[in-house]
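Here's a quick tour of a protein model, written for someone new to reading structures. Have a look at it first, then follow the notes below.

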Amino acid sequence: MTGVAAGPADTGPAVAPPAVGPGPGEADWAAAVAAVRGLPADARVLLICHVNPDGDALGSMLGFGLGLRQLGVRRLQATFPGPPEVPEPISGLPGMDLLVPEVDADPAPELVVCFDAASESRLGGLVDRLETAGAALVLDHHASNTRFGGINLVDPRAAATSVLAEELLTRLGVTLDAAIAECLYVALTTDTGSFRFEATTPAVHELAARLLATGIRPGDISRRVFDTRPFGAVRLFGEVLCRARLEPAAAGGHGLVWTYATLDDLTRHDQRPYVLEALIDSVRCTAEADVSCVVKQVRPAEWAVSMRSKGAVDVSRVAVALGGGGHRLAAGFTGRGTVEDVVAGIRTELDKALIEA
Ligand code: 5GP
Ligand code: MN
């Protein structure tokens with residue numbers, strides 16, 4: 001949940017700016033505004049974010065949903081694929097009453113809006129709504145986004161999907177209130193690593209200022225979202241960090257540090273899988289490695305892999321080669337086999353993904 005987006009700003013070699021396409025043009029914004037304004041009075045709107053939602057996915061979706069509610073959209077649902085379970089740290093967001101389990105999501109809404117999903121595969125069983133809905137709008141900031149909507153507001157330079165959500169809400173005439181702001185603030189802080197990553201531009205701080213001006217309390221929010229975990233998770237982290245391995249020769253000599261956590265680890269410490277999402281932030285501190293990796297077991301031979309780079313390697317290339325996606329400095333994929341099989345695949349792809357300084 002933490003540590004997505006562009007990686008730490010203070011370490012790693014200088015690298016060329018990412019080769020990313022332009023953000024949405026005026027025609028895209030106009031089409032998105034028209035798609036919402038043109039809805040009939042009793043229109044059904046379905047909001048979808050990516051599987052295993054993080055702060056940006058859920059915060060952007062719920063913040064946007066609360067904005068639509070302010071505009072008078074009443075038949076409104078928000079959902080995501082998979083088990084209807086939200087990580088505890090983001091389960092207290094305003095607008096949670098909009099959430100419905102995937103099975104209860106409207107089969108053919110007038111409008112579907114997708115948040116923070118780079119590709120259709122991130123929508124799981126809800127992907128059919130792109131066909132059955134009257135119109136499909138995509139808000140995202142992944143460079144690898146496939147523009148799978150009818151209308152695409154995709155900006156790879158945006159620090160978070162919430163940046164696009166806020167701009168669209170503003171263009172729709174929504175007034176930021178504290179509830180909307182809390183959702184968007186959680187989204188923004190999640191994806192900027194609390195304003196530490198490279199994507200933290202002046203515009204990001206200006207957006208944060210607009211959100212804080214509604215009266216939300218950043219200390220309370222950050223403690224709840226980033227700095228609170230069960231004691232069992234603290235002990236689990238200790239164990240998993242103890243088994244971390246450093247491979248200085250990997251990634252063309254830039255170094256790889258990695259560790260893994262099994263389902264048995266979770267059971268022994270009586271923890272839910274989401275607690276492992278913050279682990280990468282402890283592993284990526286390793287000074288001797290450019291690339292860091294946490295391999296998290298989700299089924300006996302299936303692993304959710306989180307990767308980070310400080311700038312020498314484009315880990316989204318590694319992730320895409322292995323069936324996943326993400327950003328240049330923060331990416332992930334689903335690995336199969338044993339931990340060793342998964343890490344062997346990563347070692348092989350890392351050397352191909354070196355960024356020319
Ligand atoms: P995290 O490591 O925090 O789960 O994810 C880092 C980044 O990689 C996020 O931007 C996320 O969208 C992307 N990502 C993580 N896992 C996957 C995956 O299995 N498939 C795809 N396409 N992207 C992923
Ligand atoms: Mn995001």
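Let's begin out on the surface: R336 is exposed, with a relative accessible area of 55% (exposed means over 50%, buried under 20%, and partly exposed in between, using a 1.4 Å probe and protein chains only). Keep in mind that this is a predicted model, where local features need pLDDT of at least 70, side-chain atom pairs count only at pLDDT 80 or more, and totals for chains, interfaces and linings use all residues. Residues are numbered from 1 along each chain as its sequence is written, chains are lettered from A and ligands numbered from 1 in the order in which they are written, and side-chain values use heavy atoms, with hydrogens and water left out.

**R336 and its surroundings**
- You'll find R336 in strand β11, residues 330-336 (strands are DSSP runs of E, at least two residues, and helices are runs of H or I, at least four, both numbered from the N terminus).
- Not counting residues up to four places away in sequence, R336 touches A301, E302, D341 and V342 (contact means heavy atoms within 4.5 Å).
- H254 is 82 residues away from R336 along the chain, and their C-alpha atoms are separated by 25 Å.

**The whole chain**
- The protein chain has 12 helices and 11 strands.
- Its radius of gyration is 20 Å, close to the 21 Å that the globule rule gives for 357 residues, so the chain is as compact as a globular protein of that length (the radius is taken over C-alpha atoms, and the rule is 2.2 Å times the number of residues to the power 0.38).
- Along its principal axes, the C-alpha trace spans about 60 × 45 × 40 Å.
- Of the 357 residues, 54% count as buried.
- Take the contacts between residues at least 6 apart in sequence: 68% of them join residues at least 24 apart.

**The manganese site**
- Which residues coordinate the manganese ion (ligand 2)? They are D56 (OD), D116 (OD), H141 (NE2) and D191 (OD), at 2.1 to 2.4 Å (donors are N, O and S atoms within 2.8 Å of the metal, or 3.2 Å for Na, K and Ca; water is not among the atoms, so sites may look incomplete).

**A look inside**
- A32 sits in helix α1, residues 26-37, and is buried at 0% relative accessibility.
- Leaving aside neighbours within four places in sequence, A32 is in contact with L137, I151, L153 and L168.
- L168 is itself one of the buried residues of helix α4 (residues 161-171), and others there include T161, L164 and A165.

- Most residues other than glycine have a negative phi, and most peptide bonds are trans.
- S194, in the loop between α5 and α6 (202-212), has a positive phi near 55° and is partly exposed, with a relative accessible area of 32%.
- A251 has a positive phi of about 55° although it is not a glycine. Is A251 buried or exposed? A251 is buried, with a relative accessible area of 1%, in the loop between β6 (245-247) and β7 (256-261).
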